[in-house]
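Visitor: Please show me the model, and then I will ask how each label was reached.

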Amino acid sequence: MSAAAARAARTDRFRRWGRRLGVAPVALIVGALVPLPSAGGSSLLGLPNLCGFRALTGIPCPGCGLTRAVVCCCHLRFSDALHFHPLGLLLFGGLVAISVLRLTGAEKRLRPNAYEWAAAGFVSLLLLWWVLRLLHLLPWPP
């Protein structure tokens, strides 16, 4: 086998494994590697707010606090996650479920549109939560 063929075989194997894993386990690993939000709870990694929606409109986006909530969940700090965005717990649970389904191969037994329905449900909840925050019926994260 030539060097080019061996390299192509390795690349193909890597792509197949990457397709099998998907994004969910990678997101959980990255969330576990990112340090918890700072003491004030307002930033990750000491970075300023990078939300383009907030910069353009002056109001927080529907997912405001969601990244910090998932990072807290990855560190098993569930009460802190609730403080930032309660739907972070749901997103974290979904990422864990998807990871387990993909890694065990049980994903094949799901209905064809299962992920689309789950995503649509989550986005609906996210928008409802945002509207309730805009109406000042629910608090904004710090």
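Guide: This is a predicted model. By class, the lining of the second largest pocket has 11 nonpolar residues, one polar residue and no charged residues.

Visitor: Which residues line the second largest pocket?
Guide: The lining consists of Leu90, Leu91, Gly94, Leu95, Ala97, Ile98, Leu101, Tyr115, Ala118, Ala119, Phe122 and Val123. Two elements, helix H6 (87–104) and helix H7 (114–134), each give two or more residues to that lining. The largest share, seven residues, comes from H6. The pocket has a volume of about 300 Å³.

Visitor: How many disulfides does a search of the whole structure find?
Guide: The search finds zero. Cys73 is in no disulfide, and the nearest cysteine sulfur, that of Cys74, is 7.0 Å away.

Visitor: Why is Cys73 called buried?
Guide: Cys73 has 0% relative accessibility. Buried means under 20%, so Cys73 counts as buried.

Visitor: What makes Cys74 buried?
Guide: The relative accessible area of Cys74 is 15%. Because the cut-off is under 20%, Cys74 is also classed as buried.

Notes. Residues are numbered from 1 along each chain as its sequence is written. This is a predicted model: local features need pLDDT of at least 70, side-chain atom pairs count only at pLDDT 80 or more; totals for chains, interfaces and linings use all residues. Side-chain values use heavy atoms; hydrogens and water are left out. On a 1 Å grid over the protein atoms alone, a cavity is a set of points where a 1.4 Å probe fits but cannot get out, and a pocket is an open set with protein on both sides within 12 Å along at least five of seven lines; lining residues have an atom within 4 Å of a point. Grid points are joined across faces, edges and corners, and a volume is the space filled by probe spheres set on the points. Helices (H or I, at least four residues) and strands (E, at least two) are DSSP runs, numbered from the N terminus. Ala, Val, Leu, Ile, Met, Phe, Trp, Tyr, Cys and Pro count as nonpolar, Asp, Glu, Lys and Arg as charged, and the others, Gly among them, as polar. A disulfide is a pair of cysteine sulfur atoms within 2.5 Å. Buried means under 20% relative accessible area, exposed over 50%, partly exposed in between (1.4 Å probe, protein chains only).
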